Amino acid sequence: MKLHDLEFKPFIRAKEIEQTVNRMVTEIANDLKDEIPVFVGILNGSFMFVSDFVKAYPKPCEVTFIKLASYEGVKSTDDIQRLIGLTQDLTGRTVVILEDIIDSGKTLAEVHRIFKNENVKELKIATLFYKPEAYKKDFKLHYVGIEIPTKFIVGYGLDYSGLGRDLPEVYQLKTTQHMTNLVLFGPPGAGKGTQAEFLKEKYNLVHISTGDVFRYNIKNETALGMLAKSYMDKGELVPDQVTIDMLNAEVEKNADANGFIFDGFPRTNAQAKALDKLMDEKDSQINAMIALEVDDEVLVQRLLERGKTSGRADDADENIIRNRITEYYKKTAILKDFYSAQDKFYGVDGVGSIEEITERLSKVIDNL
Ligand code: AMP
């Protein structure tokens, strides 16, 4: 869901809000017994909460509002403006403040300033949402609906630059804004690396080739490199957990990326699931798996040709090459089903000139 320039994701459903409001109503009604309270809503954000709250309140009550403003965009500002103050005498009354959200507590400090000289019988604070990690004051919060992490939210009265107050549920600002994430897929020698080089420039993406990362580690004789080498030299897959941990670390190194081209990953179902989980943690997703389709015999010839100059042990021997292709069909080709089931699989003819193939891939990406 987009408001102005920012993406939000669903966070708290209407049903959960309703149950929370009802629970708060019960607690407060039980505590106040036969007292007729004055509920004071803090505008603008609390209007929906106050409305639902007083509709559910089982006994007589009064309702009024004060209007304070503290937010500019998505940041809480120091400067609290008192736009409309108290308009009635509350001497001797039991007052319950109804706040939509308490984060730093600055608005609450202003509320306490307002009530300092009012001689009310009792001042109680009720807030629907509460960010404990952001709260910097000592004022007691008598009733708390839902504790939430320190992330910007909208909906159910809360806005982002004017929009979102009308939404019946609550949304949270996405950690990562829009990304394009591609899995470039195909058997060894299909041209994934070559094409990734063009695509990363064209679409401003970060290219992660797990094979390249392993080879870099082997060259630098790291522990990871030593471990991977034994498998790679035979054309076998490196164990999943090793590969997944490495991939996660590579993605984390590029936390600000516009998106990724994954090349050579995922190669197994476990890896595909791990990648979905990782993307989910970044509030993002894989947009497409694009497979370069090339005939086996063409692959063998291409790899033998590459082996003359690449210096790769696994490109030099026809048996190892055939084993890599067999591994691909045995373990990796099933991923076509994984992404087809999510409607994300795109097959592209991988035979032709480099430019022709880039053109075919771009067409798929531009239409995503
Ligand atoms: P590549 O450069 O993609 O052809 O990969 C070369 C070799 O690195 C493979 O044959 C595997 O031994 C290892 N490798 C690369 N990516 C993976 C992966 N996702 N899972 C397991 N092994 C991998």
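The loop between β13 (259-263) and α8 holds P266, and in this predicted model a cis peptide bond joins F265 to P266, with omega about 0°. The protein is divided into domain 1 (2-173) and domain 2 (180-367), whose C-alpha centres lie 50 Å apart.

**Backbone geometry**

- Most residues other than glycine have a negative phi, and most peptide bonds are trans.
- H4 is not a glycine, yet its phi is positive at about 50°.
- The position of H4 is in the loop between β1 (2-3) and β2 (6-12), where its relative accessible area of 43% makes the residue partly exposed.
- D343, likewise not a glycine, has a positive phi of about 60°.

**Helices α7 and α8**

- Two packed helices are described by the angle between their axes and the distance between the axes.
- For helix α7 (residues 240-253) and helix α8 (residues 269-281), the angle is about 25° and the axes are 10 Å apart.
- Angles under 35 degrees count as roughly parallel, and α7 and α8 are therefore roughly parallel to each other.
- The handedness of the crossing between α7 and α8 is right-handed.
- On the α7 side, the contact involves D240, T243, I244, L247, N248 and V251, which meet A270, Q271, A274, L275 and L278 of α8.
- By class, the residues of this contact between α7 and α8 comprise seven nonpolar, three polar and one charged.

**Helices α9 and α11**

- Helix α9 (residues 296-310) and helix α11 (residues 318-332) cross at roughly 135°, and their axes come within 10 Å.
- The relation of α9 to α11 is therefore oblique.
- The crossing of α9 with α11 is right-handed.
- From α9, the residues in contact are D296, E297, L299, V300, L303, L304 and R306, while α11 supplies E318, I321, R322, R324, I325 and Y329.
- The contact of α9 with α11 contains seven nonpolar and six charged residues, with no polar residue.

**Residue A69 in strand β4**

- A69 is located in strand β4 (residues 62-72).
- With a relative accessibility of 25%, A69 counts as partly exposed.
- Apart from neighbours within four places in sequence, A69 is in contact with D79, I80, Q81 and L83.
- A69 and R113 are separated by 44 residues in sequence, and their C-alpha atoms are 15 Å apart in space.

Key
Residues numbered from 1 in each chain as written. Predicted model: local features only at pLDDT ≥ 70, side-chain atom pairs only at ≥ 80, totals over all residues. Heavy atoms only, no water. Axes fitted to C-alpha atoms, helices over the stretch in contact; angles between N-to-C directions. Helix = DSSP H or I, 4+ residues; strand = E, 2+ residues; numbered from the N terminus. Parallel < 35°, antiparallel > 145°, perpendicular 65-115°, else oblique. Left-handed = near helix turned anticlockwise from the far one by under 90°. Contact = heavy atoms within 4.5 Å. Nonpolar A, V, L, I, M, F, W, Y, C, P; charged D, E, K, R; others polar. Domains from an automatic or database assignment. Buried < 20%, exposed > 50% of the residue type's maximum accessible area, 1.4 Å probe, protein only.
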